[in-house]
Amino acid sequence: MVPAAKRVFFRSYDVRRAGVDNSSVAASSARHALSPMAPAMADTPAFDHLRSLLQRCALELAFVDPEGDDRRRQLQDLIAELADDISATSPPPPVQAAMEQAAEWIAAGPINQQQLARFSAWEPWMAEAITAWERGFTLPAWPAETIEAASPAGMPSQPSQSLPDENVTVLPAGTDAEFMRLFCVEAEELLQDIEQGVLTLETSPSDSDTLATVFRAFHTFKGNAGAMKLVTLQAVAHELESLLDAARRGKRLLDRNAIDTVLAGADIFSRYAAEAVHQLDGNDVGRPLPLAIPAVIASVHAVLASPSKPPPAEVAAAPATGPTATVPSKAGTPPAPDAGIPASSTAATSAAGSKSSSTPPLRSASSSAASVRVDTRKLDGLVDLVGELVIAESMVAQASLTSADEHLARLLGHLRGITRDLQRTAMSMRMVPIRGAFQKMTRLVRDTAHELGKDIRLELKGEETELDRTVIEEIGDPLVHMIRNAADHGIELPDERKAAGKPAAGTIRLEAFHEGGFVVIRLRDDGRGLDPAKLRAKAIERGLITADAQLTAREAFDMIFAPGFSTASRVTDLSGRGVGMDVVRRNIERLRGKVEIDSEPGSGTSFTIFMPLTLAIIEGLIVGVGEQRFVIPTLSVRESFRPQSDHVTTVQGRGELVDVRGRLVPLLRLGDHLGVAAGIRDPHRGIVVVVEAGHERRCLLVDELLGKQEVVIKSLGETFVSQKVFAGAAILGDGRVGLILDATALVRLSRRNTETAA
Amino acid sequence: MSPTETTAKASGPDAGKYLVFTLSGERYAVPVLAVREIIRLCPITPVATMPPHIRGVINLRGRVIPLVDLRVRFSLSAPPDHDRTCIIVTQVASAAGGKRPYAVVVDGVEEVATYDQSDLLPTPDFGGAVDVRFITGMAHAAEQVITLIDLDTVAAHDPLDALEPSITAPDTSEDA
């Protein structure tokens with residue numbers, strides 16, 4: 001990432017130098033008109049030295065971290081050096097004054113957005129001024145407007161620490177809750193388009209299709225915010241829209257600063273939307289939300305004022321690609337609040353409606369197909385009904401088996417076909433590609449790598465893999481956590497990597513695919529890997545295992561999922577508080593998924609998440625215990641068998657153990673645990689089902705296996721919220737309700753019972 | 001009973017139509033507006049770890065609905081199910097807002113009766129002998145006294161009354 005930014009910077013810098021006389025700075029109104037200056041110094045090498053110092057300042061500015069202090073000190077040193085050298089050569093007074101001004105700014109404290117805005121106006125001015133001074137030309141006009149814009153009215157020349165955040169009233173009086181929700185839902189979609197688009201632009205800044213998509217997204221945003229009377233948001237959207245409009249029309253190349261600004265703007269919207277939903281749900285109503293709106297607006301102004309022009313090659317390329325020239329139906333008119341776009345319209349309709357056929361094809365990142373927004377409850381209702389239809393249909397088919405009527409059999413076959421299709425279609429309606437969730441990670445990796453000073457590439461594969469919308473929503477947080485972990489603990493610093501003979505840039509690969517009725521999401525990094533011995537030592541230190549415990553490598557890796565375990569030797573902001581991975585595993589298991597870990601010390605770690613395709617249906621093993629039938633999710637079943645008489649041993653006071661391929665696993669008599677009179681007491685006559693939850697296993701003793709079946713999961717409802725043994729219920733083939741066992745709860749239950757018994 | 005629990009019902013029962021049913025020979029009623037349908041006893045799936053008055057769940061046209069035995073809930077002697085035993089499917093207030101289905105087992109449905117305000121009495125003072133949490137009041141009509149039940153409160157107490165999953169440890173000695 002850093003090299004790319006460097007390249008972009010140098011390119012734009014050179015162009016800027018080449019175009020001294022038509023820069024936007026010269027065009028800005030001059031508060032301090034400067035008089036022509038005679039050359040005070042004809043020594044070119046000295047000027048070159050000043051220029052190189054200034055260029056280094058510019059470089060520092062390009063990479064300055066608003067939060068960190070290291071770069072600031074380097075910048076301060078450079079500016080001090082530059083100031084010394086300049087004052088040693090009797091400069092024209094304005095140059096001297098500008099230099100003193102810069103020294104004052106840098107001494108004032110951390111480089112915030114406002115400071116950055118000032119410096120990014122100051123630096124090109126200095127470059128021009130030095131050239132003008134060298135050649136004896138008229139000094140350029142001081143870009144007072146930009147500098148002033150960066151300092152709010154009435155502010156002393158000493159810059160304050162940072163621009164105050166603006167407190168936004170999230171839900172102004174009279175806000176229609178329904179409309180607001182729609183606004184937020186749409187905002188989320190638009191933000192995804194924006195974020196993805198902007199990150200594409202970072203690598204290919206002149207991609208006209210992407211530019212148009214991002215521009216349109218902000219435009220729609222502005223319209224929606226206007227319709228919701230969110231004036232401040234509308235203003236931010238307007239500013240960002242102008243910035244993108246300039247880029248779209250080939251007037252400027254989106255450099256790193258511009259992209260950061262756009263992303264900061266997008267963050268404002270996303271924070272706003274999240275807070276609005278939070279308050280709409282009745283939480284903290286009326287709480288004001290501080291948003292960095294002034295800072296973002298200032299930095300848009302600064303970016304627009306800084307004389308960046310696309311290199312000639314890019315300028316030529318832009319019109320050649322065509323679409324940019326045809327899109328801007330509104331390019332000529334200044335972007336105005338567009339209240340004509342109602343908040344209720346979808347992105348698809350507003351984009352299509354206002355831009356008609358001249359709209360270039362959207363990138364695959366944004367949904368292009370016509371769509372209808374449907375309340376998920378309606379969808380769930382439909383899925384329920386279809387499930388019932390399937391059961392009713394099979395009951396009718398069962399009843400007609402006795403009939404010899406061939407015509408009836410044919411009709412029933414036809415009905416069966418339609419029912420299955422209907423079921424498939426109903427299920428697929430909740431399925432969406434995982435693309436959105438994956439693409440959010442691009443931004444995460446970019447920001448995390450930047451923060452950690454690492455160089456990390458994210459490779460995505462299988463983004464088109466579809467799974468249930470709810471699963472996608474819920475998988476987001478665990479993924480974020482795992483990716484942060486991989487970036488923070490997995491991937492080494494560039495130097496360390498080089499020393500280990502690896503490429504300096506680390507790679508995180510995120511892929512999704514279908515496998516045997518599950519969606520598999522695999523996260524693999526090529527970092528330092530996990531060291532089983534270290535993990536074991538840590539687990540002993542934390543008291544998670546006893547000192548004499550024998551662990552296989554995989555069991556050792558599994559320790560990172562144990563509560564209170566953190567492998568980080570230092571605690572960072574990002575991860576390492578040890579609350580992470582156990583929550584990740586719990587969340588995944590709550591979604592009836594599971595996560596496995598594998599690692600090769602020195603060459604990386606991989607996490608494999610298995611998720612059900614949908615939360616509405618699971619594949620279950622139907623088992624019979626006495627009169628009752630239970631459903632065990634196949635995901636938690638490892639194997640099932642009828643134990644031989646020497647497989648079961650009884651340990652005094654510790655209950656029964658079953659020898660499963662040399663490993664002793666506690667036996668759980670399901671009937672006893674669930675208060676059902678089991679038909680079979682003798683384990684050798686029953687069936688043992690080995691279930692797994694986390695890294696613990698239990699052998700469930702059941703009477704019989706009745707088969708494997710896909711069942712529609714139903715919630716047990718409020719009456720049963722306090723029970724933890726069953727994950728839900730399902731209607732079985734004969735119309736009875738079967739309860740779905742939760743392996744995690746069974747393990748916990750039996751552990752407690754064993755402890756009390758012991 | 002604590003005063004707060006009784007004052008909650010200070011408004012007393014509303015006049016209107018009630019569905020009258022019997023529980024162990026006593027007559028009870030619920031507002032007919034809360035009743036969705038009356039069905040015959042159907043296969044019940046018991047749910048372990050729940051208190052005894054929760055019989056389990058039933059399948060009502062694809063919906064999984066809790067089934068509560070009001071006889072056990074009110075500590076009445078519960079005769080075994082017989083041919084008049086039936087299930088009343090009702091709607092009760094959901095904690096999440098709105099309504100949710102809730103089914104109760106009763107010994108038999110009697111009639112739909114209309115009670116005027118003059119027929120209705122507030123919950124009498126039973127002197128602490130009777131659990132009045134679930135009673136909105138009494139109806140006195142046609143020489144009979146009928147207890148009016150507040151099913152919303154009955155349903156709301158189910159999760160609170162549910163036992164901790166404290167199933168006794170399996171006795172392994174017999175197999176040893």
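Colleague: What am I looking at?
Modeller: This is a predicted model, where local features need pLDDT of at least 70, side-chain atom pairs count only at pLDDT 80 or more, and totals for chains, interfaces and linings use all residues. Residues are numbered from 1 along each chain as its sequence is written, while chains are lettered from A and ligands numbered from 1 in the order in which they are written.

Colleague: Which residues of helix 5 of chain A are buried?
Modeller: P94(A), V95(A), A98(A), M99(A), A102(A), W105(A) and I106(A). Buried means 20 or more other C-beta atoms within 10 Å of the residue's own, exposed means 12 or fewer, and partly exposed is in between, with C-beta atoms placed from the backbone. Helices (H or I, at least four residues) and strands (E, at least two) are DSSP runs, numbered from the N terminus.

Colleague: And what's exposed on the other side of helix 5 of chain A?
Modeller: P93(A) and A107(A).

Colleague: Switching topic, which residues touch the most other members of the largest nonpolar core?
Modeller: L54(A), C57(A), L82(A), F218(A) and L243(A), out of 83 residues. Helix 6 (residues 113-135) of chain A gives the largest share, 12 residues. Such a core is a set of buried Ala, Val, Leu, Ile, Met, Phe, Trp, Tyr and Cys residues joined through C-beta atoms within 7 Å.

Colleague: Where's R661(A)?
Modeller: In the loop between strand 14 (655-660) and strand 15 (663-669) of chain A.

Colleague: Is R661(A) buried or exposed?
Modeller: R661(A) counts as exposed, because it has 7 C-beta neighbours inside 10 Å.
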